[in-house]
Amino acid sequence: MTRAEPDSRTISLIMALRAAGIVDTGVLGAIERTPRHVFVEAGFLDRAYENRALPISCGQTISQPFVVAKMTEALCLTPRSKVLEVGTGSGYQSAVLSHLCRRVYTIERYRTLHEVAKKRFEALGLRNITTRLGDGCLGWPEQNGFDRILLTAGALECPPDVLGQLRDGGLLVLPMGPPEQQFITVIRRDGDDFHAHRGEQVRFVPLVAGIAKAI
Ligand code: SAH
């Protein structure tokens, strides 16, 4: 299959990410292949390829491409990785991950976001993404034993059920800390030990336990 040449907006975004220090060519390639305009709200189409977070429905946000790239780099994915994502949101981050790993399991607590994202994955033919409406604080127990886990909502600490579903030697990435002091944090599991490393300062919407009632 031949791949379409990236358009000028995509090229500018990739250049902005390189200038901001993203070096992983696999990650840059996955971002290049992911049409961000498909994941933003209609009113923000003209800003889809800017390196910034944008509002989506249910009061949530589609993450800044730089942060998506940083977190994806930190996951050190391989084509064999089985990945859990907590916080599907627009589905953009899941789509980027799907190009770099074997399978993505993604959970969202808002029905609207879950359903819209699922349709986007189908439309783009991203068949290695499995979606679920549910509480990501509980993880995905039936698939226990993830090589990589990514939380895309901020928390003071990683929910224990999620941590417990990381396989030995696996990596988990989350925005950790109070809202004003959140850092991309990488946790590596070594048997029953968990080692954490702190990276870039970020600002994410909060991780909230339970399925959203209204929408
Ligand atoms: N990865 C997303 C980022 C969306 S913002 C993207 O690329 O667009 C974070 C998302 O996490 C929000 O949609 C929010 O509803 C969701 N979220 C927060 N707490 C959650 C929980 N306990 N379970 C599942 N999703 C959750």
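Which residues of α5 are buried? The views below take this up, starting with how the model was made. This is a predicted model, where local features need pLDDT of at least 70, side-chain atom pairs count only at pLDDT 80 or more, and totals for chains, interfaces and linings use all residues. Residues are numbered from 1 along each chain as its sequence is written, and side-chain values use heavy atoms, with hydrogens and water left out.

**View 1. Helix α5 from end to end.** Helices here are DSSP runs of H or I with at least four residues, strands are runs of E with at least two, and both are numbered from the N terminus. Next comes Gly-125, with a positive phi near 70°.

View 2. Leu-113, His-114, Ala-117, Arg-120 and Phe-121 are the buried ones (under 20% relative accessible area, with exposed over 50% and partly exposed in between; 1.4 Å probe, protein chains only). They sit on the same side of α5, because they cover an arc of only 130° around the axis (taken from the directions from the helix axis to the C-beta atoms). The face turned away carries exposed Lys-119, Glu-122 and Ala-123.

**View 3. What α5 packs against.** Its buried residues pack against α4 (92-98), β4 (103-108) and β5 (129-133), where contact means heavy atoms within 4.5 Å.

**View 4. Around Val-173.** Leaving out residues up to four places away in sequence, Val-173 touches, among others, Met-71, Ile-149 and Val-186.
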